[in-house]
Amino acid sequence: ECLESKEVFELLKQIDSNCLVVIDGAYQEFAKAKDSNKAICPKNLTEMFPNAIYLGTFSKAYGLGGMRVGYGIAKQEIIQSLLKLRPPFNITTLSLAAALEALKDQKHIEKSIQNNLTQMPLFERFATEKGFKYTPSYTNFITYYFESPLDSTQIADYLLQKGMIIRNLASYGLNAIRITLGTEEQNKKFFMLFQQYLENRN
């Protein structure tokens, strides 16, 4: 479940100010675009709660998943303490350069978020039409849950054989798959292959 910002703040009010609280904002760009009530402003967060640190990433909306670069926003005292623990070369020079360029390309970020907003309803509709349960998503992925005789491992293997990689959640004890949304063309291919799988198994 994706909490509203006021719910997060209410929770933080209940936590001792001596306790460090980490807020994971990996999917914040997608969440706040879908529902402004989910938006958490790092500046407001750290001003209201000096014991909080906000973590963000360039792996999602910014499209730099392979670069492994993120950031933290917190009061100076917290950052100074964390710097003592940081390894000297925690990210590569290339990753840092890519992150700086990504910050300049606001059009790409807006395009990525808009694609997600446009394509997510198609995945929700597909699940509804096929009778799959799914988790309402405020991210760039959606999770489908299956009931027997459908099996997530067989589905994942079939899609892999067709050149499409999705995440099988069987190792988490779930008969489910997680699909990261792609371009419109990639998503159409997913729907086509999944439909083929359903038809071939009957």
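Reader: How many bridges join β4 to strand β5, and in which sense do the two run?

Author: Please note that this is a predicted model. In general, strands of a sheet pair through backbone hydrogen bonds, in either a parallel or an antiparallel manner. Here, β4 is joined to β5 (residues 141-145) by two bridges, and the pair runs antiparallel. They form a hairpin, with six residues between them. Across this pair, Tyr134 stands opposite Tyr144 in β5.

Reader: What is the order of the strands in the open sheet?

Author: The four strands follow the order β4-β5-β7-β6, with antiparallel pairing. The edge strands, β4 (133-134) and β6 (167-168), each pair on one side only. Between β5 and β7 there are five bridges, again antiparallel. Tyr144 has Ile177 in β7 as its bridge partner.

Reader: Is β5 mostly covered or mostly uncovered?

Author: Strand β5 is mostly covered, with four of its five residues buried. Helix α6 (residues 106-130) packs on the sheet and touches β4, β5 and β7 (176-180). The direction of α6 makes about 5° with that of β5.

Reader: At what angle do α6 and helix α8 pack?

Author: Two packed helices are described by the angle between their axes and by the distance between those axes. For α6 and α8 (residues 184-201), the angle is about 10° and the axes lie 11 Å apart. Angles under 35 degrees count as roughly parallel, and α6 and α8 are therefore roughly parallel to each other.

Methods
Residues numbered from 1 in each chain as written. Predicted model: local features only at pLDDT ≥ 70, side-chain atom pairs only at ≥ 80, totals over all residues. Heavy atoms only, no water. Pairing = 2+ DSSP bridges. Contact = heavy atoms within 4.5 Å. Axes fitted to C-alpha atoms, helices over the stretch in contact; angles between N-to-C directions. Parallel < 35°, antiparallel > 145°, perpendicular 65-115°, else oblique. Buried < 20%, exposed > 50% of the residue type's maximum accessible area, 1.4 Å probe, protein only.
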